[in-house]
Amino acid sequence: MRILTCLKQVRHPESLFSLEEGRALWPEPGLFKMSACDEFALEEGLSLKDALAGSEVWAVSLGPARAEAVLRRALGMGADQAALLLGEDEPPLRPARVAAALAEWARPKAFDLVLTGVMSEDAMQGTVGPMLAELLGLACATSVVEIAPAPEGGLRVLREMEGGRRQALKINLPALLTVQSSARAPRYPTLSALLKAKKATIASHAPELNAGAGDRERLLGLAWPGRTRAGLTLEGDTAAKADRLYAILRERALL
Amino acid sequence: MSGSRQALPAGPIVVVAEQGPEGVAPVSLELVSCARALAAGLGGEIRLAVLGEKARPLAEEAARRAGCPVTVVRAPGLREFQGEAWREILAPLLAAWGARAVLAAHTTSGLDWLPGLAARLGAACVTGVEALAWAGGALTLTRTTLFGKALEALRPEASPLALTVQPGAFPAAGPAEGPEPTVEQITAEAPALCSRLLEAPEGPARDQALARARVVVAAGRGVGRPENLDLVRRLAARFSGAALAGSRPVCDLGWLGYQSQVGQTGAAVAPRLYIACGISGARQHTMGMQGSGFIVAVNSDPRAAIFNLADVCVVEDLVAFIPAFLARCGEPEAMDPPAS
């Protein structure tokens, strides 16, 4: 089975940023990682490769040159091939634009299975995967927590729904699945594979992105959210905050 | 919206009802509310589409409650929710109606079919919409981004619009005045599908103690190590009627069972007191606890999204804070962790 995993590089979730004129300003040097659910998608791809002899796993990322780091990690985890589609990610590209660039690159390669995270850790839109499936004409299921080859061909997948309900599907190949985090923790890269990945040449491509031109939605700007509750921030040292919280909870008869 | 476009769709704003195990889910009425706000600038009637075999008996009640006309869409073989079937049935229908907009709930169901449909229709697509505003004929949609820490304002520049709407963001629509809304039924052709539903296994059993708890103390990824979970457990033990819960990452790591998960794909709780320890406050989590009576958040990241809905914010590492709090409660500082 030829498997493609789409991996997004994101900022570290605790990176402190500021907002200036509706744009995010990040500290330098930035701390980056592979988006959490994409890592679970990669793990699912690698597990299928382990189970199905003759399979190969590709990793692709759309981002600036620094996004190469997530591809090297993917190679270290066991991916066979990696490709970087060069494009600036700040301000972020609209999902339809990302899906179109990925589709154009992936189409001639005719993958049997495409895996993405259910949503990126930062933007949380959940749209690139299903849009990519549509552009490539693939069957699609989202929020998948289990994938297994079906005896009759194709895959059996388990989707997770609201309140923890499950939906089981038999899905034909070629297909695209968006993967939700699960108990199957992404593997660590092996040292030998990491060393090899460090030296590997990663093919990079420069898709025509035309960022901004003809986008179906335009980003007007970012703002801090308002607080929906009192949001009393406790002051002082740790002990003083503990005293204050104790008093507040006693006062409200919650303790 | 751009005025230069030649043939803007002139049909309805279509709200696709969210279906849960008990029929049309309450969030569907919130979608109607959002559609009304959209219609203020976009025009067009609002039409609620209810799909599937169980749709008919649900539709009349939905029409009465939502106060808008309902179209029941049935198709051979179409039973319960299946994203691919929803997409394949809705795509030609929306095109035939000339829909100006299509709205779905921002849930695992809505997100399963709407983005692909948007790509097919060339629609402007925004997911997780929390607010919308019209100014000078221009529409602004607001959603949460950047790890839940910031809001982004977006302007659609294509038509139709395809939106998923965050549950809880809009009030539930009430019945409109005037005559009883109509319910029509149409039968669509059976779509050719690449997937089929199988018998689903049972999800994790629900923790009844969690649903009943007066106090919920929840651990997030900020707990860092499984050993630190004992601190959270000891904190919970200070409150009577307290239950221990976790965010999704903590359950994925196996530190707590999935029956203890609070959030979109776990339990929804509304205790008198909710203490979030090391929880970042992603929407997927807060959807399961935002109705709590009093919310205390402990997190070392001062910008953590959880602080935006907390009554009390404690910017501290929980590993330092919880022992200090326990000491204040009169617990000896160096106490052995309780045997489990």
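This is a predicted model: local features need pLDDT of at least 70, side-chain atom pairs count only at pLDDT 80 or more; totals for chains, interfaces and linings use all residues.
Q: With which strand does β8(B) pair over 5 bridges?

A: That strand is β9 (residues 150-156) of chain B, and the sense is again antiparallel. Within this pairing, B:Thr142 stands opposite B:Ala153 of β9(B). The hairpin that links β8(B) and β9(B) has 4 residues between the strands, with B:Leu146 at a positive phi near 45 degrees.

Q: Which way do the side chains of β8(B) point, and are they buried or exposed?

A: In a regular strand, side chains alternate between the two faces of the sheet. In β8(B), one way is taken by B:Ala138, B:Thr140, B:Thr142 and B:Thr144, the other by B:Leu139, B:Leu141, B:Arg143 and B:Thr145, and all of them are buried.

Q: Why is β8(B) described as largely enclosed by the rest of the structure?

A: Strand β8 (residues 138-145) of chain B has 8 of its 8 residues buried, so the rest of the structure largely encloses it.

Q: Which residues of helix α6 of chain B are buried, and against what do they pack?

A: An α-helix has 3.6 residues a turn, so residues three or four places apart point the same way. In helix α6 (residues 229-237) of chain B, the buried residues are B:Leu229, B:Leu231, B:Val232, B:Arg234, B:Leu235 and B:Ala236. The buried residues of α6(B) pack against β13 (215-219), β14, β15 (273-277) and α9 (318-328) of chain B.

Q: In what order do the strands of the 6-stranded open sheet lie?

A: The order is β15(A)-β17(B)-β16(B)-β15(B)-β13(B)-β14(B), with parallel pairing. At the edges are β15 (232-233) of chain A and β14 (242-246) of chain B, each of which pairs on one side only. Between the chains, β15(A) and β17(B) pair in the parallel sense over 2 bridges, and A:Thr233 stands opposite B:Cys313 of β17(B). Within chain B, 4 bridges connect β16 (residues 294-299) with β17 (residues 312-315), also in parallel; B:Val312 of β17(B) is the bridge partner of B:Val296.

Q: What area is buried between chain B and chain A?

A: The size of an interface is often given as the accessible area lost when the parts come together. For chain B and chain A this area is about 7500 Å², of which carbon and sulfur atoms give 56%. In chain B, the residues that lose the most area to chain A are B:Phe147, B:Asn308 and B:Arg328, together 9% of what that side buries. Counted by contact, 90 residues of chain B meet 82 residues of chain A.

Q: How many salt bridges and how many residue pairs in polar contact are found across this interface?

A: The rules find 9 salt bridges and 44 residue pairs in polar contact. The side of chain B that touches chain A has 43 nonpolar, 25 polar and 22 charged residues. One salt bridge joins the side chains of B:Glu157 and A:Arg218, at 3.0 Å from N to O.

Definitions and conventions:
Residues are numbered from 1 along each chain as its sequence is written. Chains are lettered from A and ligands numbered from 1 in the order in which they are written. Side-chain values use heavy atoms; hydrogens and water are left out. Two strands pair if DSSP finds at least two bridges between them. Buried means under 20% relative accessible area, exposed over 50%, partly exposed in between (1.4 Å probe, protein chains only). Contact means heavy atoms within 4.5 Å. Buried area is the accessible area (1.4 Å probe) that two parts lose on being put together, summed over both. A salt bridge is a side-chain nitrogen of Lys or Arg within 4 Å of a carboxyl oxygen of Asp or Glu. A polar contact is a pair of N or O atoms within 3.5 Å; within protein, one must be able to donate a hydrogen and the other to accept it, and residues adjacent in sequence count only if both atoms are side-chain atoms. Ala, Val, Leu, Ile, Met, Phe, Trp, Tyr, Cys and Pro count as nonpolar, Asp, Glu, Lys and Arg as charged, and the others, Gly among them, as polar.
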